[in-house]
Amino acid sequence: EVQTDNAPEYKGSSYFIVVAKRNSIRTRTASPYCHWEQGHAERVILTMMQKAFCSLAHRDLPPEFWGHALLYAYSIAEVLPHAAFDDEDTPYRRWYDRTPDCRLLRAFGCDVRINVPKDSAAWQKYSKPQAYMGIYLGPKSIGSSTHLVWKPAMDGKKAVVDPQGGA
């Protein structure tokens with residue numbers, strides 16, 4: 001049996017209901033405006049929101065990077081040992097049946113230097129910088145080896161760049 005809140009994606013003829021019925025899974029909804037009936041889920045969401053907020057506040061980043069901070073908080077949580085597995089296993093390993101590669105993890109909001117590749121059109125040995133500084137925003141997606149960096153431009157515009165895809 002699965003308990004959900006009263007969100008429209010969990011009611012009526014939604015795909016969730018279709019899949020639940022197809023697999024003989026009973027569903028029930030919590031009472032409206034009674035978030036305490038979803039205690040565990042609400043606690044996890046609150047914890048992740050607090051982690052994301054702390055990550056943004058640590059570097060004084062603008063709210064437009066909230067999604068990056070939240071994705072980073074979840075990606076870190078899934079590679080750490082979890083109490084549900086007696087702190088001996090990670091959610092990532094249970095889901096993918098392999099140990100997560102944590103060699104590419106960096107601290108959210110840390111300063112990074114991005115080298116401009118020599119084969120890039122932006123690379124010029126003496127007239128343009130061969131590297132630039134940015135702020136690390138985390139992986140492009142969970143499990144990705146591509147990382148996102150915020151490079152504050154000279155004219156004050158902000159851009160999220162993909163270091164492997166070019167600036």
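Predicted model: local features only at pLDDT ≥ 70, side-chain atom pairs only at ≥ 80, totals over all residues.
A couple of overall figures for you. The protein chain has 167 residues, and 26% of them count as buried. If you take contacts between residues at least 6 apart in sequence, 40% of those join residues at least 24 apart.

Let's go to the helices, and to one pair in particular. Helix α2 covers residues 39-59, and helix α3 covers residues 66-77. For α2 and α3, the axes come within 8 Å and cross at roughly 120°. That angle is why we call α2 oblique to α3. As for the hand, the crossing of α2 and α3 is right-handed.

So which residues in α2 meet α3? On the α2 side you've got Val44, Ile45, Met48, Met49, Lys51, Ala52, Phe53, Ser55 and Leu56. Facing them from α3 are Trp66, Ala69, Leu70, Ala73, Tyr74 and Ala77. Sort the residues of that contact by type and you have 13 nonpolar, one polar and one charged.

Leaving out residues up to four places away in sequence, Leu56 touches Leu61, Pro62, Phe65, Trp66, Ala69 and Phe108. Leu56 also turns up in the largest nonpolar core, which has 17 residues. It's among the residues with the most contacts inside that core, and the others are Leu61, Phe65, Phe108, Leu137 and Trp150. Where does the core draw from? The elements giving two or more residues are α2, α3, β3 (111-115), β4 (131-139) and β5. Of the elements, β4 gives the most, with four residues.

Last stop is Lys151. You'll find Lys151 in the loop between β5, which is 147-150, and β6, which is 160-161. Buried or exposed, or something in between? Lys151 has 29% relative accessibility, so it counts as partly exposed; the buried label needs under 20%, and exposed needs over 50%. One more thing on Lys151: it sits 39 residues along the chain from Val112, and their C-alpha atoms are separated by 9.7 Å.

That's my tour, thanks everyone.

Definitions and conventions:
Residues numbered from 1 in each chain as written. Heavy atoms only, no water. Axes fitted to C-alpha atoms, helices over the stretch in contact; angles between N-to-C directions. Parallel < 35°, antiparallel > 145°, perpendicular 65-115°, else oblique. Left-handed = near helix turned anticlockwise from the far one by under 90°. Contact = heavy atoms within 4.5 Å. Nonpolar A, V, L, I, M, F, W, Y, C, P; charged D, E, K, R; others polar. Buried < 20%, exposed > 50% of the residue type's maximum accessible area, 1.4 Å probe, protein only. Core = buried A, V, L, I, M, F, W, Y, C linked by side-chain atoms within 4.5 Å.
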